[in-house]
Amino acid sequence: MIEKAREWIRESRRPVALTGAGISAESGVPTFRGAGGLWRQFRAEDLATPQAFHRDPKLVWEWYDFRRQSLKGVEPNAGHTFLARWQMRRPEVVLITQNVDGLHDRAGSRNVLKLHGDIWMVRCTVCGRETRNEEAPLDEIPPSCADCTGLLRPGVVWFGESLPPGVWERAEDAVDDCDLLLVVGTSAVVYPAAGLVPSAKSHGARVIEVNLEETPVSGTVDLSLLGKAGEILPELLR
Ligand code: BV8
Ligand code: ZN
């Protein structure tokens, strides 16, 4: 299996990688739907919504502040490093992620297509100004805009919100055109991101999945490598 995956990686002309929270798990970042994915008995679907933020911006910001603080002591792992190394060798590799943790950037990946935004970006709900903010802990919760004192929100995509214009289109185009899709560490339940997998298949690409367990797309992929991303991915370039 792994030998075949290595061969497909070598042979691919237009490779694309799609990652989810599972690639950051070995860095110690809790996934959404696995153990530890809960926070104070809340679920991501409860807090990562515009309604929750409108109702209680302080509570939602406490969740993001907690996640930003827990990301401070975290390093990219061998899975992130593999993708950065692969991109260095093959600049044509397109990396699409659902993660907001910024670990692909820190591992050295370039032009990462962040479908769900970036936890280190904040946007003013009044004047719309978007800035990078790496304060953890935040010195005021909820934080306010330096320009207009308006309420700031995390620069991420919540449930019910559309994906960043341009980013989604570039991801779709890359997947429509790819001959290999490497899907790593995603439960494939969040759309439209999860739809990229059947889309790659329908455009004739080979699809390799790396995950600890079966997912809803495992039945449609060409190769399903079960195990830890940090252990399997480095084997693919050996
Ligand atoms: C939109 C950012 C419309 C915030 C996130 C009913 C049916 C179908 C769809 C819907 C529906 N009702 C609503 C929808 C749409 C909804 C959706 O898909 N809901 C789901 C829950 C059913 N989607 C949306 O709302 C999207 N927007 O559709 O807009 C629209 C269109 C036009 C105009 C206006 C509106 C927006 C979705 C984005 C939500 N934001 N995050 C934040 O992070 O705080 S989603 C959140 O889930 C994260 O981004 C995360 O990345 C994403 C997906 O989760 P995964 O990454 O897959 O992580 P998970 O924990 O689930 O799984 C981890 C996997 O790793 C597991 O498989 C595990 O086995 C594996 N693993 C663990 N350890 C390892 C490992 N694998 C390898 N190695 C390991 N060591
Ligand atoms: Zn403002």
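How many nonpolar, polar and charged residues does the shell around ligand 1 have? By class, this shell has 15 nonpolar, 13 polar and 7 charged residues. The views below are taken from a predicted model, and they begin with the ligand.

**View 1. The shell around ligand 1.** Among the 35 residues around ligand 1, those that come nearest are R33, Y64, R67, G160 and S187. Two of these make polar contacts through their side chains: a polar side-chain atom of R67 lies 2.6 Å from an oxygen atom of ligand 1, and a polar side-chain atom of S187 also lies 2.6 Å from an oxygen atom of the ligand. With V157 the contact comes from the backbone, where an N or O atom lies 2.7 Å from a nitrogen atom of ligand 1. Ligand 1 exposes 1500 Å² when it is taken alone, and the protein buries 74% of that area. The elements that give two or more residues to the shell are α2, which covers residues 22-25, and α5. Of the elements, α5 gives the most, with 3 residues.

**View 2. An aromatic pair within helix α5.** W61 and Y64 both belong to helix α5, which runs over residues 57-72, and they stand 3 residues apart, about one turn of the helix. The count of aromatic pairs in the model comes to 5. In the pair made by W61 and Y64, the ring centres are 6.5 Å apart and the planes meet at 70 degrees, so the pair is edge-to-face, a class that calls for an angle over 60 degrees. Both residues are buried, since a relative accessible area under 20% is what the term requires: W61 has 1% relative accessibility, and Y64 has a relative accessible area of 2%.

**View 3. A pair that links helix α5 to a loop.** The rings of Y64 and W158 have their centres 6.4 Å apart and their planes at 50 degrees, so this pair counts as tilted. Y64 lies in helix α5, whereas W158 lies in the loop between β6 (152-156) and α8 (167-177), so the pair ties together parts that are 94 residues apart in sequence. W158 is buried, with 3% relative accessibility. Y64 and W158 also belong to one aromatic cluster, which is formed by F53, W61, W63, Y64 and W158.

**View 4. Arginines over tryptophan rings.** For W158, the charged end of R153 sits over the ring, 3.9 Å from its centre.

**View 5. Two cis peptide bonds.** Most peptide bonds are trans, and most residues other than glycine have a negative phi. One cis peptide bond joins I141 and P142, with omega at about 0 degrees, and P142 has its place in the loop between β5 (130-132) and β6. Another cis peptide bond joins Y191 and P192, with omega at about 5 degrees, and P192 lies in the loop between β7 (180-184) and α9 (196-202).

**View 6. Two residues with a positive phi.** Although N111 is not a glycine, its phi is positive, at about 50 degrees. N111 is found in the loop between α7 (103-106) and β3 (113-114), and this residue counts as exposed because its relative accessibility is 65%. A188 is likewise not a glycine and has a positive phi of about 55 degrees. The place of A188 is in the loop between β7 and α9, where the residue is buried, with a relative accessible area of 6%.

View 7. R85 and L237 are 152 residues apart in sequence, and their C-alpha atoms are 9.0 Å apart in space. R85 has its place in helix α6, which covers residues 78-89, and with a relative accessibility of 43% it counts as partly exposed.

Key
Residues numbered from 1 in each chain as written. Chains lettered and ligands numbered in written order. Predicted model: local features only at pLDDT ≥ 70, side-chain atom pairs only at ≥ 80, totals over all residues. Heavy atoms only, no water. Phe/Tyr/Trp six-rings, centres within 6.5 Å; stacked < 30°, edge-to-face > 60°. Helix = DSSP H or I, 4+ residues; strand = E, 2+ residues; numbered from the N terminus. Buried < 20%, exposed > 50% of the residue type's maximum accessible area, 1.4 Å probe, protein only. Lys NZ or Arg CZ within 6 Å of the ring centre and 35° of its normal. Near = heavy atom within 4 Å. Polar contact = N/O pair within 3.5 Å; in protein donor to acceptor, adjacent residues only side chain to side chain. Areas by Shrake-Rupley, 256 points an atom, 1.4 Å probe, with all protein chains shown as cover. Nonpolar A, V, L, I, M, F, W, Y, C, P; charged D, E, K, R; others polar.
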